[in-house]
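Let's walk through this one together, a feature at a time. Have a look first, then we'll talk.

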Amino acid sequence: MQTDFNSPRNWTEDSEHENGSYQCKCCECGEFFIGHKRRVICKVCVTNKEDNIDIDLMSKMDKNLYIQRMKESIERSKFVDQNIKDLFNSMPEEKQIILWAMLEVMSQD
Ligand SMILES: [Zn+2]
């Protein structure tokens, strides 16, 4: 299986981080992509998911409660190491909510 270094699925911004240039397999579409070794979803699928989560969850929940739960969840999460926490905290709030929602979905299994 060949990895396309120019694929829109790649998380090119991860490459500046430690463990940021792993070949990963997307759990949504099954395609290979390059990114942080803990990533499970390619950039294309995340972009598609963001739209869904935006409409689905954001409209239904109280935003402040949501943010509070999100931050607690990120602190507890076994998926998330310190590098990702730092990255997470530097993101705009809207992006944090989307990322958190995805972690919740992934940890439900
Ligand atoms: Zn994908």
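**Reading the model**

Q: How many residues does the chain have, and what share is buried?
A: A residue is buried if 20 or more other C-beta atoms, placed from the backbone, lie within 10 Å of its own, exposed if 12 or fewer, and partly exposed in between. Here, 17% of the 109 residues are buried. Keep in mind that this is a predicted model, where local features need pLDDT of at least 70, side-chain atom pairs count only at pLDDT 80 or more, and totals for chains, interfaces and linings use all residues. Numbering starts from 1 along each chain as its sequence is written.

Q: Which elements has the chain, and in what order do they run?
A: Helices (H or I, at least four residues) and strands (E, at least two) are DSSP runs, numbered from the N terminus. This chain has two strands and four helices, in the order β-β-α-α-α-α.

Q: How do β1 and β2 pair up?
A: Strands pair if DSSP finds at least two bridges between them. Four bridges join β1 (residues 22-25) to β2 (residues 32-35), and the two run antiparallel. Gln-23, for one, has Ile-34 in β2 as its bridge partner. Six residues sit between the strands of this hairpin, where Gly-30 has a positive phi near 80°.

Q: Which element has the lowest mean pLDDT?
A: pLDDT is the predictor's confidence in each residue, from 0 to 100. Helix α1 (residues 43-58) has the lowest mean among the elements, 69, while β2 has the highest, 94. Across the chain the average is 78, with 73% of residues scoring at least 70.
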